[in-house]
Amino acid sequence: MNRLALAREMNGLTPALGVETIVHGVAAVCDPLGALYLPDAGILVVSDLHLEKGAAFARRGMLLPPYDTLATLTVLAAVISRYDPKLVVSLGDNFHDRVGSAHLPEEFRSLIVTMACGRDWIWINGNHDPDGTVDLPGQSVDEMHYGGLTFRHEPKLGRQAGEIAGHLHPSATVRRREKSIRRPCFATDGARLLMPAFGVMTGGLDLRHKAMTGLFDRESLIAHLLGRDRIYSVRFGNLAG
(Lines give C-alpha, C1' and ligand atoms only; values in the text may rest on other atoms or scores of the structure.)
Protein backbone atom coordinates (compact mmCIF):
# COMPACT_ATOMS: atom_id res chain seq x y z
CA MET A 1 0.00 0.00 0.00
CA ASN A 2 3.05 2.33 -0.21
CA ARG A 3 1.81 3.79 -3.50
CA LEU A 4 -1.60 4.54 -1.99
CA ALA A 5 0.03 6.46 0.86
CA LEU A 6 2.28 8.31 -1.58
CA ALA A 7 -0.69 9.19 -3.79
CA ARG A 8 -2.57 10.62 -0.83
CA GLU A 9 0.44 12.64 0.32
CA MET A 10 1.13 14.04 -3.13
CA ASN A 11 -2.55 14.47 -3.98
CA GLY A 12 -1.40 14.19 -7.58
CA LEU A 13 -0.27 17.81 -7.65
CA THR A 14 3.39 17.83 -6.65
CA PRO A 15 6.17 17.38 -9.23
CA ALA A 16 6.76 13.76 -10.12
CA LEU A 17 9.94 12.21 -8.78
CA GLY A 18 10.25 9.96 -11.81
CA VAL A 19 13.05 9.27 -14.23
CA GLU A 20 13.25 9.86 -17.95
CA THR A 21 13.93 7.03 -20.35
CA ILE A 22 13.85 6.44 -24.10
CA VAL A 23 11.88 3.57 -25.66
CA HIS A 24 12.56 3.02 -29.36
CA GLY A 25 13.37 6.72 -29.77
CA VAL A 26 10.36 7.97 -27.80
CA ALA A 27 10.84 9.94 -24.58
CA ALA A 28 8.99 8.66 -21.52
CA VAL A 29 8.85 9.28 -17.78
CA CYS A 30 8.67 6.39 -15.28
CA ASP A 31 6.57 7.63 -12.38
CA PRO A 32 6.99 6.21 -8.84
CA LEU A 33 3.26 5.55 -8.69
CA GLY A 34 3.76 2.94 -11.43
CA ALA A 35 2.60 4.83 -14.53
CA LEU A 36 4.50 5.73 -17.70
CA TYR A 37 4.00 9.16 -19.26
CA LEU A 38 4.87 10.07 -22.85
CA PRO A 39 5.11 13.88 -22.71
CA ASP A 40 5.30 14.57 -26.43
CA ALA A 41 2.04 12.70 -27.06
CA GLY A 42 0.29 13.39 -23.76
CA ILE A 43 -0.22 9.65 -23.21
CA LEU A 44 -0.37 8.07 -19.75
CA VAL A 45 0.13 4.30 -19.61
CA VAL A 46 -0.78 1.94 -16.76
CA SER A 47 -0.95 -1.84 -16.72
CA ASP A 48 -2.55 -4.70 -14.83
CA LEU A 49 -4.99 -2.77 -12.68
CA HIS A 50 -6.73 -6.04 -11.76
CA LEU A 51 -9.76 -4.09 -10.56
CA GLU A 52 -12.31 -6.06 -8.52
CA LYS A 53 -9.76 -8.74 -7.65
CA GLY A 54 -11.21 -9.05 -4.16
CA ALA A 55 -14.71 -9.39 -5.62
CA ALA A 56 -13.49 -12.04 -8.07
CA PHE A 57 -12.07 -14.10 -5.21
CA ALA A 58 -15.29 -13.64 -3.25
CA ARG A 59 -17.27 -15.07 -6.15
CA ARG A 60 -15.12 -18.17 -5.79
CA GLY A 61 -15.73 -18.38 -2.05
CA MET A 62 -12.37 -16.91 -1.01
CA LEU A 63 -12.93 -13.79 1.06
CA LEU A 64 -10.35 -11.00 0.82
CA PRO A 65 -10.58 -7.44 2.14
CA PRO A 66 -12.76 -5.60 -0.43
CA TYR A 67 -10.65 -2.47 -0.60
CA ASP A 68 -8.41 -3.10 -3.61
CA THR A 69 -10.52 -1.39 -6.28
CA LEU A 70 -10.91 1.86 -4.35
CA ALA A 71 -7.20 1.89 -3.46
CA THR A 72 -6.09 1.29 -7.07
CA LEU A 73 -8.47 3.94 -8.42
CA THR A 74 -7.23 6.41 -5.80
CA VAL A 75 -3.66 5.96 -7.03
CA LEU A 76 -4.80 6.20 -10.65
CA ALA A 77 -6.70 9.43 -9.96
CA ALA A 78 -3.57 10.92 -8.37
CA VAL A 79 -1.31 10.16 -11.33
CA ILE A 80 -3.94 11.42 -13.81
CA SER A 81 -4.23 14.66 -11.84
CA ARG A 82 -0.46 15.08 -11.95
CA TYR A 83 -0.07 14.74 -15.74
CA ASP A 84 -3.53 15.65 -17.07
CA PRO A 85 -2.99 13.36 -20.11
CA LYS A 86 -4.83 13.57 -23.41
CA LEU A 87 -5.07 9.79 -23.53
CA VAL A 88 -4.96 7.03 -20.90
CA VAL A 89 -3.92 3.56 -22.08
CA SER A 90 -4.53 0.65 -19.72
CA LEU A 91 -2.52 -2.36 -20.88
CA GLY A 92 -4.83 -5.25 -20.10
CA ASP A 93 -5.93 -7.25 -17.08
CA ASN A 94 -7.87 -4.11 -16.32
CA PHE A 95 -10.26 -6.33 -14.36
CA HIS A 96 -9.37 -9.55 -12.60
CA ASP A 97 -11.95 -11.63 -14.46
CA ARG A 98 -14.35 -11.52 -17.41
CA VAL A 99 -17.32 -10.20 -15.42
CA GLY A 100 -15.49 -7.65 -13.29
CA SER A 101 -16.47 -4.57 -15.30
CA ALA A 102 -20.11 -5.69 -15.63
CA HIS A 103 -20.38 -6.09 -11.83
CA LEU A 104 -18.40 -2.95 -10.99
CA PRO A 105 -20.19 -1.02 -8.22
CA GLU A 106 -21.63 2.28 -9.38
CA GLU A 107 -19.44 4.32 -7.04
CA PHE A 108 -16.31 2.96 -8.74
CA ARG A 109 -17.81 3.31 -12.20
CA SER A 110 -18.46 6.98 -11.43
CA LEU A 111 -14.85 7.46 -10.36
CA ILE A 112 -13.64 6.14 -13.73
CA VAL A 113 -16.13 8.31 -15.61
CA THR A 114 -14.83 11.37 -13.74
CA MET A 115 -11.20 10.49 -14.50
CA ALA A 116 -12.02 9.99 -18.20
CA CYS A 117 -13.84 13.30 -18.59
CA GLY A 118 -12.13 15.46 -21.23
CA ARG A 119 -9.68 12.80 -22.38
CA ASP A 120 -9.58 9.63 -24.48
CA TRP A 121 -9.24 6.20 -22.90
CA ILE A 122 -8.08 2.90 -24.37
CA TRP A 123 -8.60 -0.43 -22.59
CA ILE A 124 -6.24 -3.07 -23.98
CA ASN A 125 -7.74 -6.55 -23.62
CA GLY A 126 -5.80 -8.90 -21.32
CA ASN A 127 -5.80 -12.60 -20.58
CA HIS A 128 -7.95 -12.04 -17.47
CA ASP A 129 -10.45 -9.80 -19.29
CA PRO A 130 -10.31 -10.69 -23.02
CA ASP A 131 -13.87 -9.55 -23.73
CA GLY A 132 -13.31 -5.86 -23.04
CA THR A 133 -15.15 -3.56 -20.63
CA VAL A 134 -18.85 -2.94 -20.06
CA ASP A 135 -20.41 0.54 -19.76
CA LEU A 136 -17.15 2.39 -19.23
CA PRO A 137 -15.72 5.35 -21.15
CA GLY A 138 -13.30 4.66 -23.99
CA GLN A 139 -12.83 1.69 -26.25
CA SER A 140 -11.47 -1.83 -25.89
CA VAL A 141 -8.86 -3.09 -28.37
CA ASP A 142 -6.29 -5.87 -28.57
CA GLU A 143 -3.39 -3.57 -29.49
CA MET A 144 -2.69 0.09 -30.07
CA HIS A 145 0.00 1.58 -32.33
CA TYR A 146 1.34 5.10 -32.00
CA GLY A 147 4.54 6.81 -33.11
CA GLY A 148 6.49 3.61 -33.72
CA LEU A 149 5.33 2.07 -30.44
CA THR A 150 3.05 -0.94 -29.98
CA PHE A 151 0.97 -1.15 -26.82
CA ARG A 152 -0.22 -4.66 -25.92
CA HIS A 153 -0.87 -6.78 -22.86
CA GLU A 154 1.41 -9.79 -23.29
CA PRO A 155 4.94 -9.25 -24.58
CA LYS A 156 5.75 -11.21 -27.72
CA LEU A 157 8.66 -13.62 -27.67
CA GLY A 158 12.03 -12.40 -28.86
CA ARG A 159 13.14 -8.82 -29.35
CA GLN A 160 10.23 -6.52 -30.17
CA ALA A 161 11.44 -2.97 -30.82
CA GLY A 162 8.91 -0.39 -29.73
CA GLU A 163 6.81 -2.74 -27.62
CA ILE A 164 5.30 -1.50 -24.37
CA ALA A 165 3.59 -4.35 -22.54
CA GLY A 166 2.48 -5.62 -19.14
CA HIS A 167 1.31 -9.08 -18.05
CA LEU A 168 4.53 -10.28 -16.38
CA HIS A 169 4.44 -7.84 -13.44
CA PRO A 170 8.24 -7.29 -13.45
CA SER A 171 10.03 -6.82 -10.15
CA ALA A 172 13.67 -6.70 -9.12
CA THR A 173 15.75 -7.20 -6.00
CA VAL A 174 18.61 -5.09 -4.74
CA ARG A 175 20.85 -5.69 -1.75
CA ARG A 176 21.45 -2.79 0.61
CA ARG A 177 23.49 -3.06 3.80
CA GLU A 178 23.13 -6.84 3.83
CA LYS A 179 19.36 -6.52 3.41
CA SER A 180 17.48 -7.55 0.25
CA ILE A 181 14.72 -5.27 -1.01
CA ARG A 182 12.33 -6.43 -3.74
CA ARG A 183 10.21 -3.88 -5.58
CA PRO A 184 8.01 -3.67 -8.68
CA CYS A 185 9.84 -2.09 -11.58
CA PHE A 186 9.76 -0.79 -15.12
CA ALA A 187 12.14 -2.89 -17.21
CA THR A 188 13.66 -1.54 -20.40
CA ASP A 189 16.70 -2.04 -22.61
CA GLY A 190 15.82 0.99 -24.73
CA ALA A 191 14.07 -1.09 -27.38
CA ARG A 192 11.05 -2.35 -25.42
CA LEU A 193 9.59 -1.69 -21.99
CA LEU A 194 7.65 -3.86 -19.55
CA MET A 195 5.33 -2.10 -17.13
CA PRO A 196 4.97 -2.86 -13.43
CA ALA A 197 1.54 -3.99 -12.27
CA PHE A 198 -0.47 -0.95 -11.17
CA GLY A 199 -3.04 -2.78 -9.04
CA VAL A 200 -2.36 -2.56 -5.31
CA MET A 201 -3.08 -6.26 -4.76
CA THR A 202 -0.81 -7.76 -7.42
CA GLY A 203 2.39 -9.75 -7.09
CA GLY A 204 5.57 -9.52 -9.13
CA LEU A 205 7.86 -11.71 -11.21
CA ASP A 206 11.60 -11.27 -10.84
CA LEU A 207 13.52 -10.09 -13.90
CA ARG A 208 15.73 -13.17 -13.60
CA HIS A 209 12.74 -15.52 -13.93
CA LYS A 210 12.80 -17.81 -16.96
CA ALA A 211 9.67 -16.12 -18.34
CA MET A 212 11.83 -13.03 -18.98
CA THR A 213 14.42 -14.96 -20.99
CA GLY A 214 15.06 -13.53 -24.44
CA LEU A 215 12.93 -10.42 -23.97
CA PHE A 216 15.80 -8.00 -23.38
CA ASP A 217 19.40 -7.28 -24.21
CA ARG A 218 20.62 -7.81 -20.66
CA GLU A 219 23.73 -5.71 -21.23
CA SER A 220 21.44 -2.70 -21.78
CA LEU A 221 18.62 -3.71 -19.42
CA ILE A 222 17.78 -1.28 -16.61
CA ALA A 223 15.27 -1.85 -13.83
CA HIS A 224 13.54 1.33 -12.68
CA LEU A 225 12.36 0.26 -9.22
CA LEU A 226 9.40 1.90 -7.51
CA GLY A 227 10.70 3.38 -4.28
CA ARG A 228 8.89 4.96 -1.37
CA ASP A 229 8.78 8.34 -3.06
CA ARG A 230 11.07 8.08 -6.09
CA ILE A 231 12.44 5.77 -8.79
CA TYR A 232 15.72 3.88 -8.29
CA SER A 233 17.42 2.88 -11.54
CA VAL A 234 19.67 -0.18 -11.40
CA ARG A 235 21.42 -2.00 -14.21
CA PHE A 236 20.50 -5.66 -14.57
CA GLY A 237 24.02 -6.81 -13.74
CA ASN A 238 23.87 -5.02 -10.39
CA LEU A 239 20.61 -6.63 -9.27
CA ALA A 240 20.65 -9.29 -6.58
CA GLY A 241 20.42 -12.83 -7.94
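I'm working from a predicted model, so to speak: local features need pLDDT of at least 70, side-chain atom pairs count only at pLDDT 80 or more, and totals for chains, interfaces and linings use all residues. Numbering starts from 1 along each chain as its sequence is written, and side-chain values use heavy atoms, with hydrogens and water left out.

**Strands.** I took helices (H or I, at least four residues) and strands (E, at least two) as DSSP runs, numbered from the N terminus. Two strands pair if DSSP finds at least two bridges between them.

I looked up β1 (residues 19-23) first, and found it paired with β2 (residues 26-30) in the antiparallel sense, over five bridges. V19 sits opposite C30 in β2. Their hairpin has two residues between the strands, and H24 there takes a positive phi near 50°.

Next I followed β2 to β3 (residues 36-38): two bridges, again antiparallel. V29 faces Y37 in β3. This hairpin has five residues between its strands, with G34 in the turn at a positive phi of about 100°.

**Helices.** I then checked α3 (residues 68-83) against α4 (residues 106-116); their axes come within 11 Å and cross at roughly 10°. Axes are lines fitted to C-alpha atoms, for helices over the stretch in contact, and angles run from 0 to 180 degrees between N-to-C directions. That makes α3 roughly parallel to α4 (under 35 degrees; over 145 is roughly antiparallel, 65 to 115 roughly perpendicular, the rest oblique).

For contacts (heavy atoms within 4.5 Å), I listed T69, L70, L73, L76, A77 and I80 in α3 meeting F108, L111, I112 and M115 in α4. By class, I noted nine nonpolar residues, one polar and no charged. Nonpolar covers Ala, Val, Leu, Ile, Met, Phe, Trp, Tyr, Cys and Pro; charged is Asp, Glu, Lys and Arg; the others, Gly among them, are polar.
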